[in-house]
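Subject: Structure for you to look at

Hello,

Here is the structure we talked about. Please open it alongside this message and follow the points below.

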Amino acid sequence: MKNNETPPVPQAEPPKKFTGIRLSKPEEKAAGLPAVFIAMQQVYKEAGIKRGLTALSRLNQKGGTDCPSCAWPDPDDERSRLGEFCENGAKAIAEEATAKRLTPDFFRENSICDLSLLNDFEIGRKGRIAQPMYLPKGGTHYQEISWQNAFEKIAESLNQLNSPDEAIFYTSGRTSNEAAFLYQLFIREFGTNNMPDCSNMCHESSGVALIETVGIGKGSVKLEDFYETEVILIIGQNPGTNHPRMLSALQKAKKNGATIISINPLKEAGLVAFANPQQVVGLLGSATSLTDVYLQVKINGDMALLKAILLLLLDKEEKNPGSVFDLDFIREKTVEYESFIQNLRKENYEDLLILSGIRDEEVRKVAEILATRKKIISCWAMGLTQHKNAVATIQEIINLLLLKGSIGKPGAGTCPVRGHSNVQGDRTMGINERPSQAFLDNIERAFGFSPPQAHGYNTVEAIEAMYHQKAHVFIAMGGNFLSATPDTQYTAKALQNCRLTVQISTKLNRSHLIVGQEALILPCLGRTDKEFIGGELQFVSVENSMGVVHSSRGSLTPVSDKLMSEAHIVCNLAKATLGKQSVVNWDQYLQHYDFIRESIAQTIPGFKDYNEKIRIREGFYLPNCARENEYNTISGKARFTVSDIEPIRLQPHEFLMMTIRSHDQFNTTLYGLDDRYRGIKNERRVVLMNPEDIAAAGLKSGEVVNLYNYYGGKERVAQHFMIIPYDIPAQCIATYFPEANVLVPVDSIADKSHTPTSKSVVVEIKKD
Ligand SMILES: Nc1nc2c(c(=O)[nH]1)N[C@H]1C(S)=C(S)[C@@H](COP(=O)(O)OP(=O)(O)OC[C@H]3O[C@@H](n4cnc5c(=O)[nH]c(N)nc54)[C@H](O)[C@@H]3O)O[C@H]1N2
Ligand SMILES: Nc1nc2c(c(=O)[nH]1)N[C@H]1C(S)=C(S)[C@@H](COP(=O)(O)OP(=O)(O)OC[C@H]3O[C@@H](n4cnc5c(=O)[nH]c(N)nc54)[C@H](O)[C@@H]3O)O[C@H]1N2
Ligand SMILES: [Mo]
């Protein structure tokens with residue numbers, strides 16, 4: 001790009017250009033040979049054969065590297081010798097293990113404006129950030145800076161604030177337990193709880209719903225429970241793409257006789273059938289069919305659907321008491337059953353069917369299955385958590401499980417399937433803007449300083465605070481805050497209002513380009529990188545979606561000797577900022593990770609003897625009361641909850657939009673431009689739309705449109721999207737995240753959990 005063509009400001013949104021779509025029929029099964037093949041090719045292309053083979057052979061093996069992709073657990077028993085990873089895990093490795101690096105020359109040659117004109121796929125492909133970089137006030141290009149100077153600049157900015165609450169410390173869920181623990185310790189000693197994290201946009205609704213009802217904000221099942229359960233509900237989740245290794249567990253469950261019920265507006269290939277690439281038959285392409293009953297619910301129609309199912313179950317139970325509900329469990333282990341039943345009776349079955357978009361016969365089929373089964377697991381993910389009524393909907397699932405006594409026993413329970421590989425661990429380590437009093441007391445007891453008591457900002461509040469200039473310094477431990485959060489243009493302004501923005505990252509993304517008056521990039525080691533201290537290879541630890549804490553060690557030589565581990569970045573930042581005032585021995589933590597784990601053991605329940613237990617190769621389970629059929633609520637019992645449906649009423653010209661992931665992305669990181677299972681190749685600016693809706697709106701397949709949202713009286717527009725006919729319920733549409741985030745209103749959030757409502761955005765469609 002010539003200088004005179006460079007736009008004056010960096011672009012917050014990716015270029016509004018099409019990349020050349022190719023369409024095919026959506027697939028009806030996931031994985032199989034092509035998947036593994038494609039994945040391995042990408043690794044070798046990015047990392048080279050030797051690095052690639054080294055990284056892949058260690059992935060998810062006991063004592064090896066924890067996959068930086070999703071949080072699905074590794075099998076406790078045998079692990080596949082073919083490799084315990086999936087296509088998308090391999091893509092995550094290719095992304096991180098790449099041998100390409102961004103040198104100071106790269107940043108000299110490319111201004112932030114130039115880079116912002118690339119699409120997110122192109123930006124990410126540039127390579128690993130190889131040294132700390134600094135963007136001065138008014139600067140157009142990043143320039144190299146020493147680690148020492150970088151820490152001093154941050155310390156100076158933090159110490160100049162009028163209050164520690166004018167700083168914001170974001171965390172994305174890849175950060176290890178060790179780094180997360182030190183990070184929150186530093187932030188609290190500095191004096192704030194402003195710790196928004198990606199959870200706020202992810203499973204926060206699950207945490208809130210579960211704590212209120214069963215007394216623990218995590219799922220209750222173990223992997224083995226899948227192998228002895230009778231029914232698995234999979235609601236608002238696309239495991240074929242986002243948790244591919246879950247398909248092996250579903251396959252085994254199915255072989256053992258489980259019935260699978262999927263609830264999703266889209267017929268996702270991975271839920272329909274699976275050809276396991278880790279088995280010879282799977283490699284040959286023969287598939288196990290997975291879902292027995294597939295309910296293509298309307299977007300946000302889940303609560304109505306669940307209530308319809310519950311009404312049918314109640315009806316059966318009343319005809320033959322004790323035949324459907326687990327009355328002993330209800331009596332001994334729960335409270336508020338009567339008010340729940342009373343409220344349920346008020347519902348009208350026919351109305352519920354209309355709201356859910358599911359036919360009577362289908363709902364009856366499900367009720368029939370659930371009526372006689374006693375061991376039920378319910379899985380869910382973003383299809384439930386990112387709505388206004390997310391907490392209430394998830395609690396309706398809990399109601400169902402409680403009625404059936406399907407929790408706290410083998411083969412049954414809750415399974416919110418987590419996103420980032422250590423998002424659950426980061427919360428356990430105290431990354432939480434609303435820490436419990438007990439947690440704060442533990443910090444005070446272990447370290448002798450008084451942590452701040454006032455709650456801090458969550459993600460949405462952090463955006464508002466920066467926008468309104470109540471916060472001036474933004475530091476991100478990983479992630480891509482600009483592109484992952486709602487209302488892209490608004491968030492861009494918020495970040496640009498800051499005096500200093502700091503990104504601790506492995507790869508370049510748009511959050512490095514839309515920055516405060518000054519900006520820093522601190523390049524860190526990733527999961528696959530080896531880290532030596534005093535000649536000894538260190539390891540970190542992480543917690544998976546089922547509460548197993550285990551170690552992870554890198555296997556590759558870092559691409560640059562100027563990378564620093566996240567834990568060491570925090571120690572140095574703390575030393576520079578807090579200086580002699582600090583009561584924490586940061587120097588000790590720099591010497592060995594065992595010292596960090598020792599402090600964790602002294603502070604956080606469940607981590608006693610951490611250093612010994614973490615050396616058990618398969619890791620150890622954290623205590624989980626719901627799993628033990630104990631409920632850590634005020635009453636000491638699990639709680640039924642009562643909630644009413646508040647349907648989203650659409651005008652005839654409006655649509656309800658969900659923003660979803662393609663098969664070729666990890667959140668804002670694009671591995672490619674395809675969504676193979678959905679039959680969409682080489683294009684992301686698409687709107688999936690019901691064919692009858694397309695005709696009724698006077699549109700055509702392939703037509704170019706703009707999408708509008710008017711929440712709160714403000715116009716938001718996503719320009720230049722292509723209409724694609726797709727099997728999706730009427731008045732529902734789907735677009736990809738993050739391209740459509742510009743439409744997600746920052747102030748439209750879930751009740752109680754404050755999660756942005758990224759799966760129910762009211763949209764108007766107009767021709768371009
Ligand atoms: N390869 C890969 N793996 C990932 C990620 C990734 O981006 N790529 N992201 C990671 C992270 S952080 C997370 S949180 C998880 C996300 O994993 P998912 O939650 O599976 O991700 P989404 O694509 O957001 O998909 C949500 C699914 O919910 C459905 N859905 C949307 N709205 C509704 C609704 O109202 N009701 C119902 N019943 N269904 C609905 C969509 O059709 C889609 O199938 O995956 C993690 N793993
Ligand atoms: N519209 C819409 N918005 C959404 C969602 C949605 O479904 N729809 N989903 C939400 C969800 S569930 C989530 S979890 C968030 C995700 O939000 P984030 O966690 O903020 O985003 P990611 O895209 O996962 O972050 C990717 C970046 O992390 C950095 N990175 C990768 N590995 C490491 C590492 O090991 N260490 C460090 N320090 N940095 C690393 C790289 O620079 C990379 O570019 O997005 C949310 N936003
Ligand atoms: Mo997530």
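Which helix gives the most to the lining of the largest pocket? That is α9, with 5 residues. Before going further, note that this is a predicted model.

**The largest pocket**

The volume of the largest pocket is about 1400 Å³. Its lining is made up of 38 residues. Those nearest the centre are Ile 211, Ile 216, Gly 217, Asn 432 and Ser 436. Besides α9 (204-214), the helices α22 (423-428) and α23 (437-447) each supply at least two residues of this lining. Sorted by class, the lining of the largest pocket holds 18 polar, 12 nonpolar and 8 charged residues.

Where does the largest pocket lie? Residues of its lining come from both domain 1 (126-202 + 422-524 + 563-616) and domain 2 (204-416), so the pocket lies between these two domains.

**The second largest pocket**

Two or more residues of the lining come from each of α21 (390-403), β30 (704-709) and β33 (761-767). The classes here are 15 nonpolar, 12 charged and 10 polar residues. Domain 2 (204-416) and domain 3 (654-767) both contribute to the lining of the second largest pocket, so it lies between them.

**Strand β33 and its partners**

β33 was named above for the second largest pocket. Strand β25 (residues 654-660) runs antiparallel to β33, and 4 bridges join the two. Within this pair, Met 657 has Val 761 of β33 as its bridge partner. β30 also runs antiparallel to β33, again with 4 bridges.

The loop between β32 (732-736) and β33 contains Pro 738. The peptide bond that leads from Phe 737 to Pro 738 is cis, and its omega is near 10°.

**Two residues with positive phi**

Asn 667 is not a glycine, yet its phi is positive, at about 50°. Asn 667 sits in the loop between β26 (665-666) and β27 (669-670). Is Asn 667 buried or exposed? Its relative accessibility is 17%, and buried means under 20%, so Asn 667 counts as buried.

Gln 731 is also not a glycine and has a positive phi of about 60°. Gln 731 belongs to the loop between β31 (716-725) and β32. With a relative accessibility of 25%, Gln 731 counts as partly exposed.

**Helix α2**

Which residues of helix α2 (residues 49-58) are buried? They are Arg 51, Gly 52, Ala 55 and Leu 56. Viewed down the axis of α2, these buried residues fall within an arc of 120°, so they line one face of the helix. Ile 49 and Lys 50, on the other side of α2, are exposed. Just after the helix comes Asn 60, which takes a positive phi of about 60°.

**Strand β9**

How many of the residues of strand β9 (residues 259-263) are buried? The count is 5 of the 5, so the strand is largely enclosed by the rest of the structure. Thr 259, Ile 261 and Ile 263 point one way from β9, while Ile 260 and Ser 262 point the other way; all are buried.

Strand β8 (residues 231-235) runs parallel to β9 and is joined to it by 5 bridges. Ile 232 has Ile 260 in β9 as its bridge partner. β9 also pairs in the parallel sense with strand β12 (residues 293-295), over 3 bridges. In that pair Ser 262 stands opposite Tyr 294 of β12.

**A sheet of 6 strands**

The last item is an open sheet of 6 strands with mixed pairing, in the order β6-β5-β18-β17-β16-β7. β6 (143-144) and β7 (167-171) are the edge strands, since each pairs on one side only. Strand β5 (residues 133-135) and strand β18 (residues 518-523) pair in the antiparallel sense, over 3 bridges. Met 133 has Ile 521 in β18 as its bridge partner.

Regards

Technical notes:
Residues are numbered from 1 along each chain as its sequence is written. Chains are lettered from A and ligands numbered from 1 in the order in which they are written. This is a predicted model: local features need pLDDT of at least 70, side-chain atom pairs count only at pLDDT 80 or more; totals for chains, interfaces and linings use all residues. Side-chain values use heavy atoms; hydrogens and water are left out. On a 1 Å grid over the protein atoms alone, a cavity is a set of points where a 1.4 Å probe fits but cannot get out, and a pocket is an open set with protein on both sides within 12 Å along at least five of seven lines; lining residues have an atom within 4 Å of a point. Grid points are joined across faces, edges and corners, and a volume is the space filled by probe spheres set on the points. Ala, Val, Leu, Ile, Met, Phe, Trp, Tyr, Cys and Pro count as nonpolar, Asp, Glu, Lys and Arg as charged, and the others, Gly among them, as polar. Domain bounds come from an automatic or database domain assignment. Buried means under 20% relative accessible area, exposed over 50%, partly exposed in between (1.4 Å probe, protein chains only). The arc is that of the directions from the helix axis to the C-beta atoms. Two strands pair if DSSP finds at least two bridges between them.
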